[in-house]
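User: I would like to learn how to read a chain interface and a sheet in a model. Please give the general idea before each case.

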Amino acid sequence: MSAQKKRGFQIEAFKHRVVVDPKYADKTWKVLEHAIHEIYNHNASGLSFEELYRNAYNMVLHKFGEKLYSGLAMTMTYHLKEISKSLEASQGEIFLEEVNRKWADHNKALQMIRDILMYMDRTFIPSTHKTPVHELGLNLWRDVVIHSSKAQARLRDTLLDLILRERNGEVINRGLMRNITKMLMDLGYSVYQDDFEKHFLEVSADFYCLESQKFIESCDCGDYLKKAERRLNEEIERVSHYLDSSSESKITNVVEKEMIESHMLTLVHMENSGLVNMLVDDKYEDLGRMYNLFHRVPAGLSIVKEVMTSYIRDTGKQLVTDPDRLRDPVDFVQRLLDLKDKYDKIIALAFHNDKTFQNALNSSFEYFINLNVRSPEFISLFVDDKLRRGLKGVGEEDVEVVLDKVMMLFRYLQEKDVFEKYYKQHLAKRLLSGKTVSDDAERSLIVKLKTECGYQFTSKLEGMFTDMKTSEDTIQGFYACHGAETGDSPTLSVHVLTTGSWPTQPSPQCNLPVEILGVCEKFRSYYLGTHNGRRLSWQTNMGTADLKATFKGQKHELNVSTYQMCVLMLFNNADGLTCKEIEQATRIPLSDLKRCLQSLACVKGKNVLRKEPMSKDIAEDDAFFFNDKFTSKFIKVKIGTVVAQRESEPENIETRQRVEEDRKPQIEAAIVRIMKARRTLDHNNIVTEVTKQLQSRFLPNPVVIKKRIESLIEREFLERDKLDRKLYRYLA
Amino acid sequence: MASSSKTITVVSSDGDEFEMTMKAAEQSKLITHMLDEFGVSDKVPLYNVNSETMAKVMEYCKKHADHEAAKEEDGGAAIGAGGEEELKKWDDEFLKVENGLLFNIILAANYLEIKSLLDSSCQAVADMIKGKTPEQIREIFNIKNDFTPEEEAKLRSENEWAFQED
């Protein structure tokens with residue numbers, strides 16, 4: 001009540017309470033109480049905001065805030081109790097609609113009440129630490145309406161029932177659901193959780209547990225995963241439409257657990273449709289789905305990875321140990337490449353290029369490629385095939401692709417030095433027979449090997465290329481000098497090979513035909529004239545010759561190996577010869593001779609010699625005759641030595657022995673290097689360090705390492721410690 | 001919101017009507033709230049404030065609204081450096097009124113939620129009290145001394161420090 005006069009203004013002393021007319025407080029409260037009733041009865045239009053605000057203001061100003069506040073609480077409670085009673089009548093969806101409507105009404109009323117009581121909210125409530133008006137209104141709603149015993153259960157059950165119906169395919173009123181859950185959130189996160197979310201998650205877990213059981217028994221893996229994915233997306237969509245976003249991760253966890261985690265192993269190992277079947281049939285979509293779903297579940301992907309890895313290992317192992325496959329090295333390697341391509345594609349398309357899967361694939365390949373000791377040889381043969389004819393006419397980029405794939409396989413090899421040995425052999429044959437499809441491709445591969453293994457690996461290979469070039473120049477020089485003299489003699493073409501660079505085995509000198517000897521000697525003197533202090537030896541097991549031969553039918557030009565030339569030239573002076581006689585005349589080693597005779601007499605279309613008896617095997621007394629009746633539609637007939645084949649068993653053993661021999665000095669060098677740096681070291685550590693140093697070339701055998709150490713001790717590079725027999729010391 | 005050219009009408013407890021611009025009305029949070037909620041159409045009743053006080057409040061609101069407008073216009077150039085000080089001087093003069101009116105101004109400022117006016121007017125009253133003896137204060141505010149002599153003596157001795165002349 002404001003003063004109208006200028007003086008006589010009373011201010012209450014701080015000790016006494018001078019109560020203004022108590023009836024004033026009652027009167028004012030009555031006005032406000034009435035207003036609240038009107039508001040709840042949807043009769044607010046007739047009220048004056050200013051009047052009500054002023055009255056509330058005055059009550060608080062005159063220290064009647066407490067009365068106002070408690071009156072407010074009582075009045076609201078009364079109305080909410082009425083509402084609560086009216087809600088008891090309705091059930092199910094109608095119940096929700098009623099709740100929703102009454103809630104909207106209550107909020108509107110609360111807003112109006114708060115506006116009127118704003119002064120109390122600002123001043124009285126903070127100082128007395130009471131609950132502000134709006135919050136009070138929410139709390140009363142929660143306690144009186146929502147948590148009344150019947151309403152709480154009914155609300156929860158109705159919500160869950162509607163969700164169940166929607167899960168079973170019915171369309172429900174999502175807007176209504178949205179409003180109700182939003183109401184619960186407004187009442188407090190814990191209300192949302194306790195009254196709804198907790199139960200929702202429980203019920204959902206049961207639902208999905210049952211459903212997953214049903215599906216597992218009736219669907220195959222791919223279908224099941226589709227269904228699981230659908231349900232998962234459905235739940236996410238459900239949350240976005242009418243649940244609080246905080247529920248999303250919780251419900252997805254439930255679905256993941258019930259539909260995926262509980263059945264992981266069953267799904268992966270399902271007969272006829274599980275992971276292995278998907279891999280075999282390249283089912284990219286199904287695999288992608290499995291990856292995405294299992295990704296969500298702890299340990300899900302590791303199971304997929306495990307099963308895939310063991311399957312790849314088994315497949316690979318079968319591949320490399322299958323005796324049929326081993327007959328054709330090029331096919332063998334091609335199948336390996338195909339296998340890698342297949343799984344690269346799967347990992348790229350379905351597994352999002354997941355690095356752990358890539359690693360598993362790599363380790364599997366490394367595992368089974370090295371199960372077959374002939375893998376290095378076969379890979380070299382594959383390269384050889386490609387460089388001889390496989391890459392003929394292939395564009396530059398595609399060549400690179402193939403070579404890169406070869407390098408990829410090369411990296412998996414543990415015995416890279418074995419590969420090196422074979423590669424050298426095959427390269428030498430290619431160079432010497434001029435049978436390489438593309439010089440650029442050869443060089444490109446060497447560069448790749450150099451990048452991978454260092455220059456030592458490739459320095460000798462490069463030496464081979466140099467020799468080829470130099471030889472060209474040398475021959476030109478020879479004919480420039482001596483061209484006139486050689487007139488009648490057969491035309492000579494020579495490759496001069498530096499001994500260290502080429503993988504040649506010393507060949508015993510065979511008897512060259514007299515017609516050849518002359519020009520050969522002329523070349524030898526020419527060469528030694530210009531290169532002092534060198535020694536030349538003819539490699540008769542490696543050359544070729546072109547012979548003009550006259551048969552009954554026609555003349556043919558035969559392209560043969562040097563050995564074959566020696567054999568055929570004999571028939572210029574004899575009609576028939578036994579194997580033994582030929583051997584004596586030519587001094588060609590017997591095994592080579594047999595192969596040579598076979599290729600001359602036993603191959604259809606190339607049988608310039610006739611053999612008696614007609615069998616494929618060569619016995620000492622078999623007789624050979626010049627085959628006058630030989631015909632061929634080609635004028636030029638190639639009877640050269642067979643392409644680099646896979647070695648026979650004895651050759652294989654020989655090569656391996658040589659490799660082992662080569663390894664010894666490498667191991668010794670490594671030991672010395674290590675000991676020089678460390679001075680003293682115990683046995684186990686030496687073995688570890690040596691293995692580490694050499695593993696880019698091969699895996700050293702600990703037994704061999706031990707032997708080498710002992711050899712070094714004998715040669716006084718190292719000594720054993722007198723007290724500890726396992727400790728070694730470097731002797732400077 | 002409406003531009004400052006619009007005006008509203010407020011009605012005092014005596015029934016007198018006062019016109020004020022929107023900008024001036026915005027000085028009072030209560031008026032602003034009522035306008036936001038209920039619109040500008042009707043006259044705004046403010047029955048807790050009498051005409052004499054209302055007139056003073058109107059004057060204050062207008063002055064401060066104009067001051068703000070000037071500040072916004074030139075980015076402060078029109079006001080100049082001494083602008084704020086000038087306003088303060090104006091406020092001080094404005095509040096040099098008789099106590100009764102001053103007290104009513106305080107109540108009106110509280111009711112209408114005009115913070116700056118509430119602060120300055122309370123400060124003015126505080127200045128009146130500062131440095132005065134209890135007797136002087138009683139004189140100014142017409143307060144009855146309701147202590148018994150014993151109570152007063154006790155209070156004085158307990159709060160000895162406050163009565164020391166410095």
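Analyst: A salt bridge is a side-chain nitrogen of Lys or Arg within 4 Å of a carboxyl oxygen of Asp or Glu. In this predicted model, local features need pLDDT of at least 70, side-chain atom pairs count only at pLDDT 80 or more, and totals for chains, interfaces and linings use all residues. Residues are numbered from 1 along each chain as its sequence is written, and side-chain values use heavy atoms, without hydrogens and water.

User: Which side chains meet in a salt bridge?

Analyst: B:Glu113 and A:Arg122 do, at 3.2 Å from N to O. The rule finds 1 salt bridge across the interface of chain A and chain B.

User: How is the size of an interface given?

Analyst: Often as the accessible area lost when the parts come together. Here that buried area (1.4 Å probe, summed over both parts) is about 2,100 Å², with 53% on carbon and sulfur atoms. Taking contact as heavy atoms within 4.5 Å, 19 residues of chain A touch 23 residues of chain B.

User: How do strands of a sheet pair?

Analyst: They pair through backbone hydrogen bonds, either parallel or antiparallel. Strands are DSSP runs (E, at least two residues), helices H or I runs of at least four, numbered from the N terminus; pairing needs at least two DSSP bridges. In chain A, an open sheet of 3 strands has the order S3-S5-S4, paired antiparallel. Its edge strands are S3 (576–578) and S4 (609–612).

User: What joins S3(A) to strand S5?

Analyst: 3 bridges join S3(A) to S5 (residues 623–626), and A:Gly576 stands opposite A:Phe625.

Technical notes
Chains lettered and ligands numbered in written order. Buried area = accessible area lost by both parts, 1.4 Å probe.
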